[in-house]
Amino acid sequence: MLSQVIELIESKRRFAITSHVRPDGDSLGSSLGLYWLLRALGKEVEVIMRDPVPHAYSRLPGAAEVRITPAVDRDYDAVFVIECSDIERPGLKDLDKQFVVNIDHHSTTALFGTVNWIDSTASAVGEMIYNLCKAIGVRVTREIAECIYTALVTDTGSFHYSNTTDRTFKIASELVRAGVKPAKVAENVFNSHPWSKLDLLTQVLSTLRRDPSGRVAWMRQTLEMKETAGAFDEDGDGFVNYPLSVGCVEAVAFLKECAPSTYRASLRSKGDVNVARVAERFGGGGHRNAAGCTLRGEWEEVERTIVQALVEAVEREAEEPSSRKSLLIFDDRDTIFSEEVA
């Protein structure tokens with residue numbers, strides 16, 4: 001709970017902050033926002049990650065200070081774990097031996113921390129860090145604001161996703177007043193990619209397929225494609241959204257080969273098609289309209305399995321009576337922000 005987090009921060013001095021492997025905008029923005037918050041309170045703090053900061057987030061205030069390490073190898077009073085479904089997600093050895101504060105906006109997150117602060121109504125963990133600033137009495141500086149704004153704009157899909165609320169816009173407005181320049185953030189995050197990303201995208205789009213109804217689409221990225229393009233791990237980020245721009249497409253799967261016979265599936269949908277439930281069937285999770293999971297097996301088998309699951313999700317939504325749909329929309333507003341995105 002927030003009160004426990006505040007009490008811990010006020011009573012302790014030395015902290016570390018980490019998040020999941022292959023960090024994204026919310027994980028890094030929230031981690032660095034918390035970093036600047038703790039520094040403002042005179043605390044000793046560092047951000048540690050297993051994987052390097054992706055190019056798109058390299059201009060975030062404090063990004064250059066992130067320490068890349070395979071293990072929690074120093075003494076801390078507590079380690080804040082940001083946006084992780086379980087204790088394994090950061091990929092850091094000996095993390096389980098620490099006093100862990102688990103901070104997330106996904107209700108499917110395991111309560112693995114000594115302290116667990118889960119807010120399923122938040123559009124991003126960045127929103128929670130903003131609330132922490134206000135609750136603990138720290139002024140939202142330009143550094144904090146830029147980090148939190150990046151968390152919000154990425155985890156809401158530039159305010160396109162259904163986890164965007166009136167509160168999201170109110171906070172974004174406050175952050176702009178604190179010094180954020182939205183155009184600058186957008187330029188850094190969305191319009192500063194290396195050529196390798198475009199090269200990789202060309203290859204991935206050539207695999208794009210859809211089912212006979214035209215409502216489900218899918219594509220794949222192989223290890224060979226990545227090697228040919230000279231691409232980085234993060235270069236495939238955002239590819240899943242391209243098929244969703246087609247009007248009739250309601251659900252998309254993007255299968256990324258991570259290792260031989262191992263694939264990361266990013267799932268996206270429109271409206272009330274719940275891809276989080278699909279991801280949960282395979283040990284993953286996420287938002288109703290944006291989720292992910294890991295699958296193992298042969299390409300064709302894995303592809304058939306995940307596509308069939310999406311087809312069933314789309315058909316299930318189409319078959320539900322309108323009165324029930326309304327009830328689901330109401331229920332989902334309490335839980336939609338609690339699910340994990342790839």
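Strand β10 (residues 262–269) is joined to β12 in the antiparallel sense over seven bridges; two strands count as paired if DSSP finds at least two bridges between them. Helices (H or I, at least four residues) and strands (E, at least two) are DSSP runs, numbered from the N terminus. The model is a predicted one, in which local features need pLDDT of at least 70 and side-chain atom pairs count only at pLDDT 80 or more, while totals for chains, interfaces and linings use all residues. Residues are numbered from 1 along each chain as its sequence is written, and side-chain values use heavy atoms, with hydrogens and water left out.

Strand β12 (residues 290–296) also pairs with β11, in the antiparallel sense and over two bridges. These two strands, β11 and β12, form a hairpin with three residues between them. Within β12, G292 is the bridge partner of G285, and G292 is also the bridge partner of S266. A further bridge links G286 to A291 of β12. Strand β12 is mostly covered, five of its seven residues being buried; buried means under 20% relative accessible area, exposed over 50%, and partly exposed in between (1.4 Å probe, protein chains only).

Both pairings belong to an open sheet of six strands with mixed pairing, in the order β7-β8-β9-β10-β12-β11. Its edge strands are β7 (209–210) and β11 (285–286), each of which pairs on one side only. Helix α7 (residues 195–205) packs on this sheet and touches β8 (216–221) and β9 (251–259), where contact means heavy atoms within 4.5 Å. The direction of α7 makes about 130 degrees with that of β8; axes are lines fitted to C-alpha atoms, for helices over the stretch in contact, and angles run from 0 to 180 degrees between N-to-C directions.

Residue L205 is found in helix α7 and is partly exposed, with a relative accessible area of 34%. Together, L205, L208 and Y242 make a nonpolar surface patch of about 250 Å². Patches are made of residues with over 30% relative accessible area and no salt bridge, with like charges joined within 9 Å and nonpolar side chains (Val, Leu, Ile, Met, Phe, Trp, Tyr) within 5 Å. Accessible areas come from the Shrake-Rupley method with a 1.4 Å probe, and for residues only the protein chains shown count as cover.

Residue Y35 lies in helix α2 (residues 25–40) and is buried at a relative accessible area of 7%. Leaving aside neighbours within four places in sequence, Y35 is in contact with I17, V45, E46, V47 and E65. The C-alpha atoms of Y35 and V45 are separated by 6.5 Å, and the two residues are ten apart along the chain.

A search of the whole structure finds 17 salt bridges, a salt bridge being a side-chain nitrogen of Lys or Arg within 4 Å of a carboxyl oxygen of Asp or Glu. One of them is formed by E44 and R13, with the closest N and O atoms 3.5 Å apart. Because E44 lies in strand β2 (residues 44–49) and R13 in the loop between α1 (2–11) and β1 (14–19), this pair ties together parts that are 31 residues apart in sequence. Both partners are partly exposed, E44 with a relative accessible area of 37% and R13 with one of 45%.

Another salt bridge joins the side chains of D51 and R50 (3.0 Å, N to O). Here D51 counts as buried at 14% relative accessibility, whereas R50 counts as partly exposed at 37%. In the salt bridge between K226 and D233, the closest N and O atoms are 2.2 Å apart. K226 counts as partly exposed at 22% relative accessibility, as does D233 at 44%. Elsewhere, salt bridges that share partners join E46, R67, D73 and R74 into one network.

Backbone angles were also examined. Most residues other than glycine have a negative phi. Residue R22, which is not a glycine, has a positive phi near 50 degrees. R22 lies in the loop between β1 and α2 and counts as partly exposed at 42% relative accessibility. Residue E83, also not a glycine, has a positive phi of about 55 degrees. E83 lies in the loop between β4 (78–82) and β5 (100–104) and, at 3% relative accessibility, counts as buried.
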